[in-house]
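Hi,

Here is the structure I promised to pass on.

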Amino acid sequence: MAPSPTSPSALLEFLRTSYPSAVSSSACETDIPALSHQIFPSNSYTDNEKIETSQWLTTSSRLATPDEDEAKHAERLGSLNIHLSTRTTLLGSKPSVADVALYYRLAPAVKSWSIEERTGEHGYHNIVRFIDFVQNAPLFGLSIKDEDKVDIDLNDVKFVHKPLDAKEEKERKKKEKAAAVAAAAGGQSVLPIGKGKGEDNSKSSKKEQARDAAAKAEDKVKSALTGENTQQPKKEKKEKQPKAQKQPPKEIPLSPCLIDLRVGHILKAENHPNADSLYVSTIACGDASGTDNTSEYEGQVVRTVCSGLNGLVPLEEMQGRKIIAVCNLKPVTMRGIKSAAMVLAASPRLKEGEEDSHKGPVELVTPPADSKAGERVIFEGWAGEPEGVLNPKKKVWEMLQPGFTTTTSLEVGFDMDAVPQLQGEEGGQKPIGKLVTASGGTCTVKSLGNAVVR
């Protein structure tokens with residue numbers, strides 16, 4: 001192997017050695033992200049998988065950087081280990097050039113790991129398994145001498161994690177569901193898990209029916225002999241009470257607080273592969289792990305966001321900066337890539353009769369420098385909780401967006417006078433409410449006063 005795994009040129013040479021027919025001599029370092037299909041021609045890759053491959057190539061490079069902060073490095077390894085716990089390859093089961101790059105860059109480090117680091121209680125079991133798979137699987141067919149491979153003894157396992165029992169997990173979920181049903185029923189009795197009316201209860205009900213039939217037969221005999229009616233009087237049927245009608249859902253008053261505005265941190269931005277006017281950004285918005293429409297990147301939970309800012313905001317200005325994101329719009333697919341948020345930006349207000357040429361200028365809304373990714377921002381005077389996901393049919397964003405503006409002092413605010421649906425609200429007119437963070441800092445733009453924000 002080449003001595004410097006962090007170098008893109010060294011990685012390219014390794015790829016040429018293993019896949020000479022797929023990686024031409026004229027290929028350069030910038031071609032690496034697009035090599036998956038040439039190396040593995042039987043596989044096709046979606047636009048999202050291409051972006052994920054590019055992200056993993058960046059991560060693999062950082063994992064191989066020797067001078068990285070120790071805590072950050074451990075965090076990256078932990079995230080990778082968790083990611084691989086349910087996957088054979090980085091994309092799931094599909095091989096890619098990112099798998100080869102990760103192996104090439106991480107194998108030298110794994111070689112030097114102790115048995116505790118490899119398979120101890122807090123070791124990186126799944127990374128070790130991945131390394132062994134890539135270096136030996138015919139699927140990858142790497143050109144590596146046996147002495148250069150990482151020596152992995154599959155039987156030398158320091159700590160065995162208890163596997164998840166599928167039946168136990170199923171029963172646990174059933175019990176949780178039954179408990180939830182019981183709680184919703186206000187304490188009413190619930191049938192035991194796995195037992196319906198036709199199981200254990202069926203035996204006792206048959207016995208009771210037999211006893212009832214015998215008693216009725218005995219009564220008929222006595223009645224015939226004595227002339228008396230020995231049958232018990234029938235119980236009167238109770239009239240069914242009318243069911244209480246469900247109350248209609250409470251109407252939530254229109255307010256800009258319904259829009260989930262948060263500080264976002266752009267970790268990476270690049271050109272959209274299928275649209276010249278779009279950027280594709282990887283943005284940390286403070287989401288919890290497992291949140292819908294999120295993924296993991298460099299140890300952080302992120303959203304993929306498409307924005308029509310290509311040609312309006314330089315790509316270098318998008319890198320590593322903080323922005324304000326609208327986080328509860330329904331995700332939309334833009335030229336093959338699902339976008340899970342929207343980046344707020346300001347542009348000049350059109351004059352009456354003027355058409356929008358979409359030529360700019362455009363300025364991103366900037367939160368205070370000390371704000372953190374995920375911190376919620378609200379308009380002063382409009383406090384409240386946001387909706388989970390805005391219902392597109394109700395047009396909440398479309399009704400409220402005209403009130404988003406900038407002031408002459410370059411602060412971002414909300415002007416209720418610009419929203420016809422808020423006219424005549426109780427409390428009368430309100431001053432323009434500034435867009436502020438929880439700590440009180442104000443969101444601003446560079447130079448566009450009295451501008452539209454969207």
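Predicted model: local features only at pLDDT ≥ 70, side-chain atom pairs only at ≥ 80, totals over all residues.

Residues are numbered from 1 along each chain as its sequence is written, and side-chain values use heavy atoms, leaving out hydrogens and water.

Cysteines: taking a disulfide as two cysteine sulfur atoms within 2.5 Å, the count is zero. For C285, the closest cysteine sulfur is that of C327, and at 4.1 Å it is too far for a bond. C285 is also buried, at 0% relative accessibility (buried is under 20% relative accessible area, exposed over 50%, partly exposed in between, with a 1.4 Å probe and protein chains only). C443 is buried too, again at 0%.

Helices (DSSP runs of H or I, at least four residues, numbered from the N terminus): α3 (residues 47-63) packs on α4 (residues 70-84) at about 140 degrees, axes 10 Å apart. Axes are lines fitted to C-alpha atoms over the stretch in contact, with angles from 0 to 180 degrees between N-to-C directions. On the α3 side, E52, W56, R62 and L63 make the contact (heavy atoms within 4.5 Å), meeting H73, R76, L77, L80 and H83 of α4.

The other pair is α5 (residues 97-111) with α7 (residues 125-136), at about 115 degrees and also with axes 10 Å apart. Among the residues in this contact are L102 and Y103 of α5 and F130 and I131 of α7.

Cheers

Technical notes:
Helix = DSSP H or I, 4+ residues; strand = E, 2+ residues; numbered from the N terminus.
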